[in-house]
Amino acid sequence: MSTVESGATTDRGDAPLERLLQFGRAAVGNPIAGPLGALALAMIFFSFQSEQFLQGPNLSLILQQTVEVGVLAIGQTLIILTAGIDLSCGAVMAFGMIVMTKLAVHSGVPAIPAILLGVLACAAFGLVNGLFVTKVRLPAFIVTLGTFNIAMALVHIYSNEETIANPPSAMTFFGRTFSIGGTDITYAVVLMLALYALFWFVLTQTTWGNHIYAVGNNPEATRLAGIRTDRLLISVYVVAGAIYGLAALLLIARTEVGDPNAGQTDNLDSITAVVLGGTSLFGGRGAVIGTLFGALIVGVFRNGLVLMGVSSVYQILITGILVILAVSVDQLTHRKERG
Amino acid sequence: MRFSRWLVSLMGVLTVSLALLVGLSSARSDAPAQNTATIKVGLITKTDTNPFFVKMKQGAQKQARALGVTLLTAAGKIDGDAATQITAIENMVSAGVKGILITPSNDSVVPAIRKARAKGVLVIALDTPPNPASAVDALFATNNFTAGVLIGKYAKVLFKGKTPKIAMLDLFPGPSVGYLRHNGFLSGFGVAGITQKDSTKYKTSPDVVCSADTSGDQAKGQTAMETCLQKSPDINLVYTINEPAAAGAYTALKNAGKAGKVTVVSVDGGCAGVRNVKAGVIAATSQQYPLKMASRGVQAVVNYAKTGKKVSGYTDTGVNLITAKPVAGVPSKGLAFGLANCWG
């Protein structure tokens, strides 16, 4: 390319500048630089527009409000990394909510078993998704479209349209708050951040995680390399389902009810978070932490625009523009890497 | 070999389950057994999941059974899914319905409605008028503006002598019901210059310190109230588009230690909502009657089939203010009435 690098070391006065440039290049190349930068820009913007924005309680609120889509989006990230997609996540979460609360409140099942059964029910949906994607070889879009409808219908049939109130206190544990430096924050936020840390580790440091990237990048080559891709994909969908079950528990903790109408637009919202986070919809590329930033970007805009008194229709407009920008940036950098 | 056997048994299980499902669901349908000369009425709702529409369907089914007519039903997949409604209109016309009752998702169903009417099918809008209102033969609906005015008047008396700081928790951009209830509330509260014709834009007033959208959903209602409290911690009056949003707003108020200090008003009169009035979560709610809309609609179609006479114009199916704490000068009904007449 150029001889700039070799020239810089001769003059000691330029060394810090050169280090800064190298850091800059590395940062821009890092896949989460984009979403993190966008989030930072958004926060700076809103802090100028409203003096309530940058306050501790408000930032805590944004985190709490992001938990629902943020946790769902972890599962969505795993699936999208395999070049799949999951349209059923919100409906499966709602099904989990209803199972947990109905068992506990109407059938007298103790809280912990009820929670486990709810998570299992969500994982079972994941299993169905995984089986149809791998054994029947249907596109994930189509399979999860079907399970989305099935889950939604089952939620309404099983709940009889009723919101189930007064869940046992063990189920609302994660809604309890503790104080950091005078600001209250819920345990749900801590769990969400812990889950992101866990899956960052799993995706980057474990074999299972590396195989997920491999199968998303090139499923045929991965299979020929001896990795059992069918089992891998099924495990991804099942794990994602269990994550949706956790999201259900956290939403019960936040709203204190089992709501059959919960999560109806969460499938698109979670995909938005993944895309804004820099993960490629074609699979094989992306960092799960990016998804957290993507979800936070949406939460920041929704919060900031209300604080500014701007009509919500602009929030929808801005989200759409951001998604297109994010996907374009992803496409352009992808093309550069290829040559 | 193993895979195809597995596949075959899976397909077998699926087919059997489907057959069972179809058998079970048709066992519940209300189609009379043999009568081919039966009058057919169509009911198309926005969704099958909102309890309001579920109740509407139940009301229509009950009336259809009582009158011995066949009810065909359909619904959009989500709020705003007009394409499914258009298909349903066309299919029902082919099936020979005498009349269609519809809650239009949006105005794109109007051409299909016009085609149906041109074929002699009576079309009645329930709950939501299309634009233009003349696109249908008749409208049976709550006057959503009046529903807002009632809770606005209630709040006005309650806040006499106090400084109101109002949060408006709205629906989402688009449906007229959101604008009508919002503007009605402000009009009843005393804001000048608002009329029922303001059905496409939100009006406001200096007393309104925050507005946020809820999609009529409990979790989003909670988020909206939390953010509004951040903006203006001294909010003391909250208008909500419906009772799930109100329930979510109350959770946020409770978490902020403001339960009982902030007045929440709402619209709908669903049974869960009236129970919330009893529990003190909602101070007052305007109750509407989807069952009446549906049963009157079925009756109107049957009248048309038997006499050729079409119903026309707007029939107000009524709204009542339900509260446990009545105020002077604003007529209201108590909890007993509310619970006896609630839906859902």
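## Chain A

Chain A contains 14 helices and four strands, where helices (H or I, at least four residues) and strands (E, at least two) are DSSP runs numbered from the N terminus. This is a predicted model: local features need pLDDT of at least 70, side-chain atom pairs count only at pLDDT 80 or more, and totals for chains, interfaces and linings use all residues. Residues are numbered from 1 along each chain as its sequence is written, while chains are lettered from A and ligands numbered from 1 in the order in which they are written.

Of the 339 residues of chain A, 49% count as buried, that is, with 20 or more other C-beta atoms within 10 Å of their own; 12 or fewer is exposed, in between is partly exposed, and C-beta atoms are placed from the backbone. The C-alpha atoms of chain A fill a box of roughly 75 × 55 × 35 Å along the principal axes.

## Nonpolar core

The largest nonpolar core has 202 residues; such a core is a set of buried Ala, Val, Leu, Ile, Met, Phe, Trp, Tyr and Cys residues joined through C-beta atoms within 7 Å. Helix α11 (residues 229-255) of chain A supplies the largest share of this core, 17 residues.

Met93(A) is among the residues with the most contacts inside the core. Residues touched by Met93(A), not counting those up to four places away in sequence, include Leu72(A), Tyr244(A) and Leu251(A); contact requires C-beta atoms, placed from the backbone, within 7 Å.

## Val327(B)

Val327(B) is found in the loop between β12 (319-323) and α11 (335-340) of chain B. Val327(B) counts as partly exposed because it has 17 C-beta neighbours inside 10 Å.

Terms used
Two residues are in contact if their C-beta atoms, placed from the backbone, lie within 7 Å.
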